[in-house]
Amino acid sequence: MKRKDILGLYELSAEEIDEILTLGLSMKKLLRQNIKKLPHLMGKSVTTLFYENSTRTRCSFELAAKYMGAHVVNISAASSSVQKGETLVDTGKTLDAMKNDVIVIRHPMGGAPKLLARTVKAHVVNAGDGMNEHPSQALLDMLTMRERWGSIAGKTVAILGDISHSRVAKSNLYGLTKLGASVRMYAPRTLIPAGIDAMGAKLCASREEAVEGADAVMGLRIQLERQHAGNFPSLGEYAKYYGVNEEIVKYAKPGALVMHPGPVNRGVELTAGLIDGETSVIEDQVLSGIAVRMAILFLLTKEEIA
Ligand code: CP
């Protein structure tokens, strides 16, 4: 890979995505053997810079970097000089001055990672920017699918939930369609962003239509922190009319993967039975997350090591 930053799957080619997934699969095999000491990032420094809460993404980037021998610093905006008024650009310049090599950033504003990337010498990885993109999440979802299916081309993925506020949905749509999959979407009309069909999604009129014959069914979190307009009456009604349950999953292919990026609102987007059921790959998605982030960090920095 010959790019400085990973800001979104919109700009990555199918070949670049394939390169990340191929290396990610090798990394996942090592993790399954409990191998957590690799030399790929020896002498490198990685900073996670999070302006929003996170468990999976921040922790897995940190572990991915540490498993490959990097020095890791974690900055939370809530406890940093951001609270004293320091700008994102000045924060980035400060990290550059410390000879930091990679910044992994999560920010509530779409486009913030791009602004940072333009300003700093360090590689920038977008760990989620507002409602724009969450590329490493979609890559880990695709890694989970590819490990099971061998190839993503020709498969059908149904995505149900809060698509409007979801950076995960957009990154998956870009990535999956580039690799030849079909993406169906279903949500209350108030949670479907204008133009998502023009971006390649097939909008469906019902849960049944979305899930019929699908190879994977992905629930998306209802983003309570981003709901300002009463987009649906109540969580109970959302679960009843839009959630994924055992009856709806029967419309999918037998053994279809049940997926969710997490954190999940149990009983809202997915029933507890599906989350913990045999076809759920939600915990495996978490392991894929470390593997794919190892691949991302190595591929971005490897030219300098060679
Ligand atoms: N899926 C995801 O981004 O989870 P976190 O918010 O816990 O990082």
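Before I go on, a word on what you're looking at. This is a predicted model, where local features need pLDDT of at least 70 and side-chain atom pairs count only at pLDDT 80 or more, while totals for chains, interfaces and linings use all residues. Residues are numbered from 1 along each chain as its sequence is written, and side-chain values use heavy atoms, with hydrogens and water left out.

Okay, the domains. Domain 1 is 14–133 + 286–305, and domain 2 is 135–281; those bounds come from an automatic or database domain assignment. Their C-alpha centres lie 26 Å apart. How many residues are in contact across the boundary? On the domain 1 side 29 residues, against 25 residues of domain 2, where contact means heavy atoms within 4.5 Å.

The rule finds 10 residue pairs in polar contact across the interface, both residues at pLDDT 80 or more. A polar contact is a pair of N or O atoms within 3.5 Å; within protein, one must be able to donate a hydrogen and the other to accept it, and residues adjacent in sequence count only if both atoms are side-chain atoms. The salt bridge count between the domains is 4, a salt bridge being a side-chain nitrogen of Lys or Arg within 4 Å of a carboxyl oxygen of Asp or Glu. Elsewhere on my list, lysine 28 forms a salt bridge with glutamate 147, with the closest N and O atoms 2.6 Å apart.

Which elements give two or more residues to the side of domain 1 that touches domain 2? They are helix H1 (14–32), helix H2 (56–67), strand E3 (102–107), strand E4 (123–129) and H11. H1 gives the most, with 10 residues. Helices (H or I, at least four residues) and strands (E, at least two) are DSSP runs, numbered from the N terminus.

Now the inside. In the largest nonpolar core there are 69 residues, and Ile20, Leu21, Leu139, Met142, Met185 and Met294 touch the most other members. Helix H11 (residues 282–305) brings the largest share of this core, 10 residues, and the core draws at least three residues from each of domain 1 and domain 2. A nonpolar core means a set of buried Ala, Val, Leu, Ile, Met, Phe, Trp, Tyr and Cys residues joined through side-chain atoms within 4.5 Å. Buried is under 20% relative accessible area, exposed over 50%, and partly exposed in between, using a 1.4 Å probe and protein chains only.

Leucine 21 comes up again here. Leaving aside neighbours within four places in sequence, leucine 21 is in contact with Leu139, Met142, Leu143, Arg146, Ile152, Leu179 and Val292.

Let me pick out a few single residues. Is histidine 134 buried or exposed? At 3% relative accessibility, histidine 134 counts as buried. You'll find histidine 134 in the loop between E4 and helix H5 (135–149). Beyond the four places either side in sequence, histidine 134 is in contact with residues including Thr57, Arg106, Arg167 and Arg293.

Isoleucine 105, in strand E3, is buried as well, with a relative accessible area of 0%. Among the contacts of isoleucine 105 outside four places in sequence are Leu49, Leu88, Leu116 and Val125.

Glutamate 19, in helix H1, counts as partly exposed at 29% relative accessibility. Glutamate 19 and isoleucine 296 are 277 residues apart in sequence and 9.6 Å apart in space, C-alpha to C-alpha.

Asparagine 34 has a positive phi of about 65° although it is not a glycine; asparagine 34 sits in the loop between H1 and strand E1 (45–50). Lysine 99, in the loop between helix H3 (88–97) and E3, also has a positive phi of about 65°, and is exposed at 67% relative accessible area. And a cis peptide bond joins glycine 262 and proline 263, with omega about -5°.
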